[in-house]
Amino acid sequence: MDSVTLDAPRPRRTKPRGRHPHNALAATFIRSAPVGRHADGNGLYLYVQRTGTRSWIQRLVIRGRKHELGLGSVQLVSLAEAREQALANRKLARAGGDPLAEKRRTQGMPTFAEAAATVVAQKRAGWRSGRQATDWLHSLERYVFPSIGSRPVSEVSSADVLAVLTPIWHVKPDTARRLRQRIHAVLEWSIAMEHRTDNPCDRIGPVLGPQRDIVRHMRALPHRDVAAAVETVRASRSTRAVKLAFEYLVVTATRSGEVRLATWEEMNVAGRVWTIPAERMKMNREHRVPLSSRALEVLDAARTLADGNPLVFPNRWGNRIRDTFLSQLLKDLDIAAVPHGFRSSFRDWAAEETDHPREVIEAALAHAIRNRVEAAYARSDLFERRRRLMDEWAAYLAATHRPR
């Protein structure tokens, strides 16, 4: 007959039935108490293990959940001290507080806001600009910190995250999605630092439900109106640097940040190439821009702005043009577009008015190839084919309004 291994008997509990005990233990009993848990009152127990180890634990209901708190060894914590701590913990729990969270806080547990600041500091070096760090913290300060910023990061629950996201999930879907990603990142850091073992953001999707995605395109002009917009900017009272930067942005179909931060070191006028370094590109990959004749004329005019300045389009103080300046200029001139929208105008023109293949147009815009298999075989940046495309774009703009 096979032998059967019986489970070891559970420690004997000596909590008396009936009324809850109050100061039931004596100092002499503590030294000789048998194995098991022995109730003293206020949820305080003397826990004697089979190894002879004797310690204090307290059983409490904290915010509707049962918890056990270790209060220390009997060699370090006297009976009187254990009773005093147990009473304080019980009062705090009855008032809606969390003795467990307070204990963790005193042991160096960061708050959610402190953890978020650490995450931003760690990520900052990998971001292309300081604006990303500002956006992160601003969104968290506005929507998240008022609710859970001061809470220990270990105590943030799914209900807490839902309370933050539910009011804006369908009203401000883009903001809500970004917030969820940022909260998730902070809690992932907390898991890595062993402050908690789970991420509540992983469980809230079915509760939040699907969002009705509304595609909001960048404000852009029909491509036939772009030349007139360039002429309007040229005739404006804005600074020469801003006027030239705007036209260069349009004629090269590049992004505002790439133009505002452009340096002379990046320009190869003889080769008619502008090489934008990877750290300034959205896809973190170096991008070569073929320069049309009009783009070269803009660069030639820009050389008179500030001798010796490394920036191609410095403002009147020799610094880079602010990121909002071009947008405000278009708004002031009643041009119904944003700077990024002129890339859309270029894209529409290339698709509607030319026979250039889609891959050439997408390469001109420095868009990533989404198909992984196709991307793996794409070794060329189609530069010479893109040069013909950009020359045609410049000629199209010049066809209606000649430069002054």
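This is a short chat about one predicted protein model.

Q: What kind of model is this, and how are residues numbered?
A: It is a predicted model, where local features need pLDDT of at least 70, side-chain atom pairs count only at pLDDT 80 or more, and totals for chains, interfaces and linings use all residues. Residues are numbered from 1 along each chain as its sequence is written, and side-chain values use heavy atoms, with hydrogens and water left out.

Q: How many helices and strands does the protein chain have?
A: The protein chain has 18 helices and seven strands. Both are DSSP runs numbered from the N terminus: helices are H or I with at least four residues, strands are E with at least two.

Q: How much of the chain is buried?
A: Of its 404 residues, 42% count as buried. Buried means under 20% relative accessible area, exposed means over 50%, and partly exposed is in between (1.4 Å probe, protein chains only).

Q: And contacts between residues at least 6 apart in sequence: what share join residues at least 24 apart?
A: That share is 60% in the protein chain. Contact means heavy atoms within 4.5 Å.

Q: Let's look at helices. At what angle do α4 and α8 pack?
A: At about 95°, with their axes 9 Å apart. Helix α4 covers residues 112-124, and helix α8 covers residues 173-192. Axes are lines fitted to C-alpha atoms, for helices over the stretch in contact, and angles run from 0 to 180 degrees between N-to-C directions.

Q: So what do we call that arrangement of α4 and α8?
A: The two helices are roughly perpendicular to each other. Angles of 65 to 115 degrees count as roughly perpendicular, under 35 as roughly parallel, over 145 as roughly antiparallel, and the rest as oblique.

Q: Which residues make the contact?
A: From α4, Phe112, Ala115, Ala116, Thr118, Val119, Gln122 and Lys123. From α8, Ile183, Ala185, Val186, Leu187, Trp189 and Ser190.

Q: What classes are they?
A: The contact of α4 with α8 has nine nonpolar, three polar and one charged residues. Here Ala, Val, Leu, Ile, Met, Phe, Trp, Tyr, Cys and Pro count as nonpolar, Asp, Glu, Lys and Arg as charged, and the others, Gly among them, as polar.

Q: What sits in the loop between α3 and α4?
A: Pro110 is found there. Pro110 is buried, with a relative accessible area of 11%.

Q: What does Pro110 touch?
A: Leaving out residues up to four places away in sequence, Pro110 touches Ala115, Arg151, Pro152, Val153, Trp189 and His195. Val153 is 43 residues from Pro110 along the chain, yet their C-alpha atoms are separated by 6.1 Å.

Q: New topic. How many cavities of 30 Å³ or more are there?
A: One. The largest cavity holds about 40 Å³ of space. On a 1 Å grid over the protein atoms alone, a cavity is a set of points where a 1.4 Å probe fits but cannot get out, and lining residues have an atom within 4 Å of a point. Grid points are joined across faces, edges and corners, and a volume is the space filled by probe spheres set on the points.

Q: What lines the largest cavity?
A: Thr252, Thr254, His287, Arg288, Val289, Pro290, Ala364, Arg386 and Met390. Strand β7 gives the largest share, four residues. By class, the lining has four nonpolar, three polar and two charged residues.

Q: Is Ala253 buried or exposed?
A: Ala253 counts as buried, at 0% relative accessibility. Ala253 lies in the loop between α11 and α12. Its phi is positive, about 55°, although it is not a glycine.

Q: What about Arg63, buried or exposed?
A: Arg63 counts as exposed, at 52% relative accessibility. Arg63 lies in the loop between β3 and β4. Arg63 has a positive phi of about 50°, and it is not a glycine either.

Q: Back to helices: how many residues of α10 are buried?
A: Seven of its nine, so α10 is largely enclosed by the rest of the structure. The buried residues are Val226, Ala227, Ala229, Val230, Glu231, Val233 and Arg234.

Q: Last one: where is Glu352?
A: In helix α15, residues 341-353. Glu352 is exposed, with a relative accessible area of 56%.

Terms used: 1 Å grid on protein atoms, 1.4 Å probe; cavity = no way out; pocket = protein on both sides within 12 Å on 5 of 7 lines; lining within 4 Å.
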